There are 4 protein chains.
Amino acid sequence: MTFPAPLTGVVPPVCTPLTPDREVDVPSLLGLVDHLVAGGVHALFVLGSSSEAAYLRDGQRRLVVESVAAHVGGQLPVLAGVIDMTTPRVLDHVASVTAAGADAVVVTAPFYTRTHPAEIARHFRLIAAASPVPVVAYDIPVAVHTKLPSDVVLELAAEGVLAGLKDSSGDLSAFREVVTGARTRSDITGFSVLTGSELVVDSALALGADGAVPGLANVDPHGYVRLDRLCRDGDWERARAEQERLCALFGLVSVGDATRMGGSSSALGAFKAALHLRGIIDCPATAEPQVPLSPAEVEQVGKYLATAGLL
Amino acid sequence: MTFPAPLTGVVPPVCTPLTPDREVDVPSLLGLVDHLVAGGVHALFVLGSSSEAAYLRDGQRRLVVESVAAHVGGQLPVLAGVIDMTTPRVLDHVASVTAAGADAVVVTAPFYTRTHPAEIARHFRLIAAASPVPVVAYDIPVAVHTKLPSDVVLELAAEGVLAGLKDSSGDLSAFREVVTGARTRSDITGFSVLTGSELVVDSALALGADGAVPGLANVDPHGYVRLDRLCRDGDWERARAEQERLCALFGLVSVGDATRMGGSSSALGAFKAALHLRGIIDCPATAEPQVPLSPAEVEQVGKYLATAGLL
Amino acid sequence: MTFPAPLTGVVPPVCTPLTPDREVDVPSLLGLVDHLVAGGVHALFVLGSSSEAAYLRDGQRRLVVESVAAHVGGQLPVLAGVIDMTTPRVLDHVASVTAAGADAVVVTAPFYTRTHPAEIARHFRLIAAASPVPVVAYDIPVAVHTKLPSDVVLELAAEGVLAGLKDSSGDLSAFREVVTGARTRSDITGFSVLTGSELVVDSALALGADGAVPGLANVDPHGYVRLDRLCRDGDWERARAEQERLCALFGLVSVGDATRMGGSSSALGAFKAALHLRGIIDCPATAEPQVPLSPAEVEQVGKYLATAGLL
Amino acid sequence: MTFPAPLTGVVPPVCTPLTPDREVDVPSLLGLVDHLVAGGVHALFVLGSSSEAAYLRDGQRRLVVESVAAHVGGQLPVLAGVIDMTTPRVLDHVASVTAAGADAVVVTAPFYTRTHPAEIARHFRLIAAASPVPVVAYDIPVAVHTKLPSDVVLELAAEGVLAGLKDSSGDLSAFREVVTGARTRSDITGFSVLTGSELVVDSALALGADGAVPGLANVDPHGYVRLDRLCRDGDWERARAEQERLCALFGLVSVGDATRMGGSSSALGAFKAALHLRGIIDCPATAEPQVPLSPAEVEQVGKYLATAGLL
């Protein structure tokens, strides 16, 4: 389908359900997609960080995009992450996910290598030149260890290289610079500015963002869709209450014991445990080398769901 | 060939010459290998950071290993990097490079994702369990943003998971802990501790390291082989003089203008410019999105070579 | 005067005007205070980071507090920073600034030394036990290189150790955790949660913050007081417009050439240049070893003021 | 006394013994100094990081310098740290410690504030211009969060601004650049390059360093003096054995439980516990807000001492 300019609304980074032996569980994945679509989300982002894209083999990545794109059949846009270290490797993923049906690609700065703003800009220009679909920049310093500079993003938006930004930097001040720049600069049109935050979606929409890409929307899509609607209606008081309910629910990402596992094991393990407890996916396994949650930790996830009215 | 236990000596991380359109230049690669072998190096490490592995597509990586392994035909060990984000993706590279003839694989900690010492240990154990060849750990915090803890490395050495360590952390104190531990612990045998430093190879060998993996050995393999020999002979005064000559030569990695490019563009660009000026490779191109050196910067590389007696 | 519980509104971190030979220019300081009071601010924060407290000798610090406290004579609360590395040194500053008339002290985590959440909590407890006035925590990771954990802040609030938080971390999600915790926990009352941001004051107030401590309020106190008022009135549309005007003005902090000076020289130099251009202080000098702005850079500051309607 | 050009040998950063109520225990301090002098050290460095200078009030700092300078009475040079955030504050400490008898001052880069190489150079120039005694640069990125660039250090050495460098960066490659530069540049004479490492003193001396400033020399000065002597005699084999014995002893810095305290509490607590167990100081208390070692942790310190032959 044609990618909206700008893309707006709730765009969950879709979790990738796995079987016990760590293959993609396609029926569970499509069940999750149905759950998200029923929740009213506006687009789907597969192969993002919350999708464990960094853990999926190339064939698994392709299978995810093919399955989801075929399943939604153009009902709503499917964005696909093409997470890899540098331009040539990203370009191979672009070819793969667009052949599989992705409507847009989501691209980070180079990582592993030492990089530079000039090289980041060159990276995006080369990818946009080769991509048959729009390119969305993915600003995720916690993963790639550089921050996309706001002026570089705006310049690439003006050049038509970028169709949007997914900002997972946590830096709302820099995010605002892009939002305001995209709205006020006459040489930029149709550029979509999306927050990756779970916790300040109301703030981001209030200052002019186009939408949100919250990992927690896997667990509670209805909540984020309600929040988005309340913000668009200018009902800030009820939006804040909904956001605070979601903030409380987000506490589940910390159930994992930090002396025993890293933040990714805990957060992605909790998302999957919640989806499993809610009956949406068949198996809560996360990819290797992540450490699984203990039964007591899963029980805590259940308490968060109960408090949020989701069990 | 059988991987030595421990591997010792000079193990250059072999640069990957590219054609002007950024394909692997196999004749230049084999010419470079001949130059290194003629220089007396003790093993070859392909697909490391200095090889631009982070920039090579999967097919290019396979071509490099196949070409080099076939060319050296068991004369000396070929180690291959399998640089990727997480266990499942690394395992695919392990399958590929060992099918192509690699004698050992070189594995970093997980990156892009948030990780944890327990997950790092799990990562190495899973890879070693699946690998048909020995596993060498690659400690490179500047790229993966975690440091391999010395106690984890020693424990994995004792378990037989790891056959060696390539330490590019720059932290000689932590390196010494592994060197001394590997020598004194009765449950560790044949473990190879290699420094990734260009500048303190004499120091590393003096405190008991088994060898070195210096990127600059692409440019001057004879120098590093002489240095290794002088250290093994206990001729520390002449070793220091040779090391200082190499330190001066290493200044070439900084010729690139830091307002225009990152450290990788400058250092890898300078290595390739030097190989091109010395007539060893046909084209000094680096992979995208790295920024090329200017003619004036290349000229400076030439001056470093001249001062070091290499032109 | 009695410190309000909670403190609310606009609390500028008051710049410290210097003479050309880098002594405190008391008449200019009091003129600046008059300008801020006339602008309608709700309290004053002296000896913060924007006050160049890190650059002021002990005698200069004492002179600042004495002068300002005597001048405002209890009209509005005066908070004083007591920025130093560890508990014993901070306690000496607490004694000094409270003798000089401060109504509250503002305390960072320990810095220079390697620290730990348990030591941070101990630090605040010891200081609160010895301080005759309320203690406000100052979360400024860019300066002290640790982030105050939200759960530690809330626990210390519940214990009565802390009277408030000034959050200059830039992390609005963590800030919200404190705001919501302080409002909903029954064991916390009168705790003041203040953002140190210049750029998302509307967002912070919308999610429930008590006030703001924006360095830019030195230059445009009326703007921030208007913004605060609009937010309290729930007039979010006009609040956003005022905030965006202030965001544009904030661009002045980047006039300094980054190849020639650091971020502090540029930002504090620009604040002082603006105050000088507006006729509020006599001399724009910043403390050593900061690098002064060039005439061309000062001219750019003037353009920002003109655009914002302040010249 | 006249400061040697260059200063060479073992220069312990002298611990500051405290009484149970955290005042400077002058008799214990002088006992420690006697222990160090009896061990054969070549100079004393008071008010460094291992001296808990960051925790000492100004009066305590002055008392330390006065007591030690009077006690040694010119027998050997006394260097004093002047650790503070910026130029004006450091200059006050310079006045204080030189009045108290210091023969040289040891100065870090600015911290707390955001800084820049140009500002760091300006900082050292201003301090040297005002100091009646030589200035030694103190490179300690773990504390001040910037690294002193080698080229800046060498330039300031050539200008006569700096008399030496104490390098606690852990980066032996950069250290070597200064060592080699100081030896080979004709515009630099008498410049002293000292490593702050405990663990690679043999390496540092082998590559040409003038001496070492190891915190562990408080506990075992004889060991470091033997090590220094063996290195100067070119007896590298026995030097390495002595260094490895000291490396094993250094393990005591990690006895503190990392879930309960930070690295400073553990390392400085262990140094003081060791001095107390050896009968050199009266009380092992560390300054606030550091967390004390438990009895079990102190017992472990004792085991390290026993293994090293020091009990």
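Chain B and chain A bury about 3,900 Å² between them, with carbon and sulfur atoms giving 57% of that area; buried area is the accessible area (1.4 Å probe) that two parts lose on being put together, summed over both. This is a predicted model, in which local features need pLDDT of at least 70 and side-chain atom pairs count only at pLDDT 80 or more, while totals for chains, interfaces and linings use all residues. Residues are numbered from 1 along each chain as its sequence is written, chains are lettered from A and ligands numbered from 1 in the order in which they are written, and side-chain values use heavy atoms, with hydrogens and water left out.

**Interface of chain B and chain A**

- On chain B, 51 residues are in contact (heavy atoms within 4.5 Å) with 51 residues of chain A.
- There are 21 residue pairs in polar contact across this interface, both residues at pLDDT 80 or more; a polar contact is a pair of N or O atoms within 3.5 Å, where within protein one must be able to donate a hydrogen and the other to accept it, and residues adjacent in sequence count only if both atoms are side-chain atoms.
- The side of chain B that touches chain A takes at least two residues from each of α2 (58-72), α3 (87-99), α4 (117-130), α5 (141-144) and α11 (263-277) of chain B; helices are DSSP runs of H or I with at least four residues, and strands are E runs with at least two, numbered from the N terminus.
- That side of chain B has 23 nonpolar, 16 polar and 12 charged residues, with Asp, Glu, Lys and Arg counted as charged, Ala, Val, Leu, Ile, Met, Phe, Trp, Tyr, Cys and Pro as nonpolar, and the others, Gly among them, as polar.

**Salt bridges between chains**

- Eight salt bridges are counted between chain B and chain A, each a side-chain nitrogen of Lys or Arg within 4 Å of a carboxyl oxygen of Asp or Glu.
- One of them joins A:Asp92 and B:Arg57 at 3.8 Å, N to O.

**Salt bridges within chains**

- Over all chains the count comes to 88 salt bridges.
- C:Arg22 and C:Glu288 pair at 3.9 Å, N to O.
- C:Arg22 lies in the loop between β1 (9-10) and α1 (26-38) and C:Glu288 in the loop between α11 (263-277) and α12 (295-307) of chain C, so this pair ties together parts 266 residues apart in sequence.
- C:Glu288 is buried at 15% relative accessible area, and C:Arg22 is partly exposed at 23%; buried means under 20%, exposed over 50%, and partly exposed in between (1.4 Å probe, protein chains only).
- C:Asp233 and C:Arg229 have their closest N and O atoms 3.6 Å apart; C:Asp233 is exposed at 52%.
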